[in-house]
Structure formats: C-alpha cells, structure tokens
Amino acid sequence: MTVREGEGGLARGLGLLLLLGGLGLEGWLLAAGAWPSLFPLLLAALGIPPLLLGIRARRAAEAGTPAGPLLRHADAAGGACVAGALLLLFLSVGRVREEEHAMVWSFERDEAGVEDRGHVLLEFADHPGWISRIRSRELGAYLEGLGTDRVTAVFRVTRDFGSVRSIEEIRVGERTSWREERLGGMSRRRTSRVRGEIGPSPFE
C-alpha cells in the first residue's frame, strides 16, 4: 500500500513546533541572563523523530512507492510519539523534593582570620567539605543566638531525570526567611572537618 497524499503533515508540524519552540526558549533564557537549561533542549530534541517521520511520509507519497504501516499512519504515529515524550518530560523534569540535613554553621574568615558575620557557611555534618553559603547578616545574628554551632536546614531540590537542577535553602533552624545581601550558593572545599578526600554531594 502507498502513503496517501498529505500524510505526515501533522507530524512535520508537531516536530517543527517542538524543535523551534525548544531552541527559541533556550535562546530567550540565555538572552535574559539565565543559566542554560536542559528542558528546552530536550523539548527541541523530541521534535526530531516526528519531523523526520513526516518528511519520509511526504517523500513516499510523492514517489508513490509501497510503504509500511508506520509511514502510512505517520500523523498518528507522530502524535503518539509527541504525546508520550511530553508525558515522560512531565513525569521526569522539574521534580521537586524537600530534603533535611544536619549542618555545622560558621562565619567565613578573611586572610587575617577576621570573621565576616554577613557571610554564613553551612557545612553538611554528614558530608564534610560540602558547604552552602548564605550572605545574610540577619541570618548570622540568628545563628549566633542559638548557643550552638549545630543547626538543621531544609533544602528545596529540583531534579531533571534524577540530576540536580537547583538547590534552595528554605529553612535554617526555625527561620524560613532572611534578608540576603548577595547571592550565595553551594561549594566544596577542604575544611578542618574533612578527613581524606571530599565525598559525594549531599544531593546525589
């Protein structure tokens, strides 16, 4: 059996929409100053199979040669491919989970050993050498008032296909908000608590 005329048009349209939409979204994010994101690139990649399927179906229809059921029903196959891929993305991208960790807090010190009370270091008690930095005098004053260098922190962790995309501190001790003067972030380095090599990330 041959491919009917016009078959594959929907598959090509869906493929182009995902491909160009994903690339356009990635470009917009980069132009806005954001970090490169995996999601738009995955979206663009998902558009390639239905696009190629639609192109092959059109060529087969123009040639009038016998074709298999996949090409004869390229639009349905392309639509099913896109729907399944989008469902997979929905279930696997942007998964958010709150994770609690025991921390040891301190202040960053300069080369002279002077503490910067606006630069809080939260070292993971069970993962020595992994540090979350928060630049907040308000949080620093709160921690000083605890009377201990131990505190529990809760992080909101976002993952794509199991890989960490972003980490955000949402609670330190009893505090769920604080004024930050500058951006902090995660880092790894040797500290007085590190014995041997620095181990795996707390969020693997």
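Colleague: Which helices do the buried residues of α3 pack against?

Modeller: This is a predicted model. Helix α3 spans residues 48-63. Its buried residues include L51, L53 and A57. The buried residues of α3 pack against α1 (9-31), α2 (38-46), α4 (69-72) and α5 (74-92).

Colleague: How far does helix α3 reach from its first C-alpha to its last?

Modeller: Helix α3 has 16 residues. At 1.5 Å a residue, 22 Å is expected. The reach in the model is close to that, at 23 Å.

Colleague: Which residue just after α3 takes a positive phi?

Modeller: Helix α3 covers residues 48-63. Just after α3 comes a residue with a phi of about 70 degrees, and that residue is G64.

Colleague: How many residues of strand β2 are buried?

Modeller: Strand β2 runs over residues 115-124, which makes 10 residues. The strand is mostly covered. The buried count is 7.

Colleague: What is the bridge partner of M103 in β2?

Modeller: Strand β1 (residues 93-109) pairs with β2 in the antiparallel sense, over 7 bridges. Across the pairing, M103 has as its partner F124.

Colleague: Which residue in β3 does L121 stand opposite?

Modeller: Strand β3 covers residues 130-135 and runs antiparallel to β2, joined by 4 bridges. These two strands also form a hairpin, with G129 in the turn at a positive phi of about 100 degrees. In β3, the residue opposite L121 is R133.

Colleague: Are R133 and E108 buried or exposed?

Modeller: The side chains of R133 and E108 meet in a salt bridge, 3.3 Å from N to O. The pair links distant parts of the chain, with R133 in strand β3 and E108 in strand β1, 25 residues apart. Both residues are buried.

Colleague: Is H101 buried or exposed?

Modeller: H101 sits in strand β1. Beyond its neighbours within four places in sequence, H101 is in contact with residues including F124, V151 and F203. Its relative accessible area is 13%. The cut-off is under 20%, so H101 is buried.

Colleague: How far apart in space are E168 and G185, C-alpha to C-alpha?

Modeller: E168 is in strand β5. At 41% relative accessibility, E168 is partly exposed. In sequence, E168 and G185 are 17 residues apart. In space, the C-alpha to C-alpha distance is 8.4 Å.

Colleague: Why does the pair of E138 and R175 tie together parts that are apart in sequence, and how many residues apart are they?

Modeller: E138 forms a salt bridge with R175, with the closest N and O atoms 2.6 Å apart. E138 lies in helix α6 (residues 137-144), while R175 lies in the loop between β5 and β6 (182-188). The pair therefore ties together parts whose separation in sequence is 37 residues.

Colleague: What is the distance between the closest N and O atoms of R109 and E115?

Modeller: At 49% relative accessibility, R109 counts as partly exposed. E115 is partly exposed too, at 29%. The two form a salt bridge, and their closest N and O atoms lie apart by 3.0 Å.

Colleague: What accessible area do L38, L88 and F161 have together?

Modeller: F161 sits in the loop between β4 (150-160) and β5 (163-172). With a relative accessible area of 39%, F161 is partly exposed. L38, L88 and F161 form a nonpolar patch on the surface, and their accessible area together is about 270 Å².

Notes
Residues numbered from 1 in each chain as written. Predicted model: local features only at pLDDT ≥ 70, side-chain atom pairs only at ≥ 80, totals over all residues. Heavy atoms only, no water. Patch = residues over 30% accessible without salt bridge, like charges linked within 9 Å, V, L, I, M, F, W, Y side chains within 5 Å. Areas by Shrake-Rupley, 256 points an atom, 1.4 Å probe, with all protein chains shown as cover. Salt bridge = Lys/Arg side-chain N within 4 Å of Asp/Glu carboxyl O. Buried < 20%, exposed > 50% of the residue type's maximum accessible area, 1.4 Å probe, protein only. Expected span 1.5 Å × (residues − 1). Contact = heavy atoms within 4.5 Å. Pairing = 2+ DSSP bridges.
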